[in-house]
Amino acid sequence: MAKTIKELTQDLLQAPSACKEVKEAAQNYLDAAGTEKEAEAATAYVKELEADIMPIDGLISFASSDMGAQVFGADGAKKILAHAEEIKASGAKYCDCPACAACEALLNKKAEILK
């Protein structure tokens, strides 16, 4: 059964890899649901989802950089790079960490969010 927008938003809020800004937009969207502020919150939410999802090529570039090695550790960066290249080869457009997976699923419901 497909998850609802609310369930996907909860997944995003719980994702350790989600940034502060997308978590704030997600919570604002949930808080505004059913109020006169819902449309404004929905627009801001979608804008933040689009800004924060990591394209797979961006992940590959970051994981192979010196900064990626600093953030993930040398071995961690190598593992993330190998994983990113593997999922790209199988057709992935975005990172598949919990935050990006939730962002992608939510963006697939963009029209429903913005209704």
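Me: Which residues in H7 meet Ile 5, Leu 8, Thr 9, Asp 11 and Leu 12 in H1?
Reply: This is a predicted model, and the contact in it counts heavy atoms within 4.5 Å. By class, the contact of H1 with H7 has 8 nonpolar, 1 polar and 1 charged residues. On the H7 side, the residues that meet those of H1 are Ala 99, Ala 102, Cys 103, Ala 105 and Leu 106.

Me: Is H1 roughly parallel or roughly antiparallel to H7?
Reply: Helix H1 (residues 5-14) and helix H7 (residues 98-107) pack with their axes 8 Å apart, at an angle of about 160°. Angles over 145 degrees count as roughly antiparallel, and the crossing of this pair, H1 and H7, is left-handed. The angle therefore makes the orientation of H1 to H7 roughly antiparallel.

Me: At roughly what angle do the axes of H4 and H6 cross?
Reply: Helix H4 covers residues 56-63 and helix H6 covers residues 74-89, and their axes come within 9 Å. H4 passes H6 in a left-handed crossing. The axes of H4 and H6 cross at roughly 155°.

Me: How many charged residues has the contact of H4 with H6?
Reply: From H4 the contact is made by Ile 56, Asp 57, Leu 59, Ile 60 and Ala 63, while the H6 residues include Ala 77, Ile 80, Glu 85 and Lys 88. By class, this contact of H4 with H6 has 9 nonpolar and no polar residues, and the number of charged residues is 3.

Methods. Residues numbered from 1 in each chain as written. Predicted model: local features only at pLDDT ≥ 70, side-chain atom pairs only at ≥ 80, totals over all residues. Heavy atoms only, no water. Axes fitted to C-alpha atoms, helices over the stretch in contact; angles between N-to-C directions. Helix = DSSP H or I, 4+ residues; strand = E, 2+ residues; numbered from the N terminus. Left-handed = near helix turned anticlockwise from the far one by under 90°. Nonpolar A, V, L, I, M, F, W, Y, C, P; charged D, E, K, R; others polar. Parallel < 35°, antiparallel > 145°, perpendicular 65-115°, else oblique.
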